[in-house]
Amino acid sequence: MVGAAKRYLSGLALLLFGGLAAGCTQAVPQYNLYAQAFNAQYEQGEAVLDILSGAERTVVVRRLDRQNTPFRPDDAAYYLDNVDPPITASFRASVRTLKVYNEALAGLANGEAANALTARMATLASNVTDGVAAGSVALGGPAAAAGAQAAVAGVAGALEVAKPIFNLAATAASREAFRQQLIAGYPAMRGLIIELRKATPEMYEMMERSLVRRGSDESPTGLSLDADRVLAKNRQLLAAWVLLMDKSLVALAQAVAAADSNNSAMRVAGLTDASIELKVFAEQMRAIRLK
């Protein structure tokens with residue numbers, strides 16, 4: 001099944017790319033396929049963060065209730081179901097930054113005008129700033145209370161590295177300047193994926209803690225049979241995201257290499273192969289999520 005899907009996508013890619021003129025510097029179809037593949041990974045991450053958001057809220061509100069803590073303005077996000085609490089907000093801003101970065105790479109390849117690229121860079125710089133701010137809020141107390149200091153600090157640190165690069169990119173005046181700044185931002189974006197991957201044990205622990213019912217007679221661990229099933233499903237979704245991030249690291253490296261090498265045939269082929277691998281695997285993980 002996997003081999004058939006890869007052969008189908010490879011054939012489709014060849015059909016799409018066959019008309020690409022020799023010597024053309026814009027690998028439009030390849031980058032479009034890459035963007036689609038990365039967005040499938042982003043969708044998996046969003047599903048995990050939706051679960052994390054509820055888990056973080058449950059864990060922290062329980063603690064606040066046990067301590068009979070009076071209402072504090074800084075805790076407001078914990079009492080609303082449609083707003084991410086601080087730790088999840090930090091991670092989600094980071095994931096969104098990766099998405100916008102990849103869209104900017106695709107926009108550059110698609111030959112977008114300078115004004116459109118300027119808007120993308122402004123959005124990217126704004127997302128990085130939001131992520132840094134969210135990380136600061138989380139590190140101001142919530143991360144320590146939830147045992148997630150290292151996870152939040154790692155993600156926020158990667159965004160701090162990216163911030164000056166993309167702030168400069170937002171002021172670029174030419175396509176070449178945009179290209180250079182996007183390439184310069186690659187190590188920070190790679191580091192961000194790595195830090196998100198490293199944060200997944202803390203995410204899982206938060207999910208598990210949210211399902212524990214202390215004093216329950218159903219299980220010495222505090223997890224009911226239903227809670228065990230929910231946790232097993234959450235673990236599966238989280239594991240799928242980790243594997244997708246691993247493949248994303250490979251695809252991102254190929255995308256940036258293609259942008260940095262004036263789109264040599266070898267680099268474009270590598271981008272195509274990596275994108276197909278990511279897209280096929282993302283579809284497999286999506287099927288698991290929808291079970």
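View 1. Arg-213 counts as partly exposed because its relative accessibility is 48%, where buried means under 20% relative accessible area, exposed over 50% and partly exposed in between (1.4 Å probe, protein chains only). The model is predicted, so local features need pLDDT of at least 70 and side-chain atom pairs count only at pLDDT 80 or more, while totals for chains, interfaces and linings use all residues. Residues are numbered from 1 along each chain as its sequence is written, and side-chain values use heavy atoms, with hydrogens and water left out. Arg-213 lies in the loop between α9 and α10. Leaving aside residues up to four places away in sequence, Arg-213 touches Arg-62 and Gly-222, contact meaning heavy atoms within 4.5 Å. From C-alpha to C-alpha, Arg-213 is 9.4 Å from Ala-227, with the two 14 residues apart in sequence.

**View 2. The overall fold.** The protein has 11 helices and zero strands; helices (H or I, at least four residues) and strands (E, at least two) are DSSP runs numbered from the N terminus. Of the 291 residues, 49% are buried. Among contacts between residues at least 6 apart in sequence, 78% join residues at least 24 apart.

**View 3. Helices α2 and α10.** The axes of α2 (residues 28–66) and α10 (residues 225–260) come within 9 Å and cross at roughly 150°; axes are lines fitted to C-alpha atoms, for helices over the stretch in contact, and angles run from 0 to 180 degrees between N-to-C directions. Helix α2 is therefore roughly antiparallel to α10, a term for angles over 145 degrees. The residues of this contact divide into 16 nonpolar, five polar and no charged; Ala, Val, Leu, Ile, Met, Phe, Trp, Tyr, Cys and Pro count as nonpolar, Asp, Glu, Lys and Arg as charged, and the others, Gly among them, as polar.

**View 4. Helices α6 and α7.** The axes of α6 and α7 come within 9 Å and cross at roughly 170°, which makes α6 roughly antiparallel to α7. Ile-165, Phe-166, Leu-168 and Ala-169 of α6 meet Phe-178, Gln-181 and Ala-184 of α7. By class, this contact has six nonpolar, one polar and no charged residues.

**View 5. Helix α8 and its neighbours.** The buried residues of α8 (residues 186–198) are Tyr-186, Ala-188, Met-189, Leu-192, Ile-193, Glu-195 and Leu-196. They pack against α3 (86–109), α6 (149–169), α7 (175–184), α9 (200–211) and α10.

Terms used: Angles under 35 degrees count as roughly parallel, over 145 as roughly antiparallel, 65 to 115 as roughly perpendicular and the rest as oblique. The expected span of a helix is 1.5 Å times one less than its number of residues.
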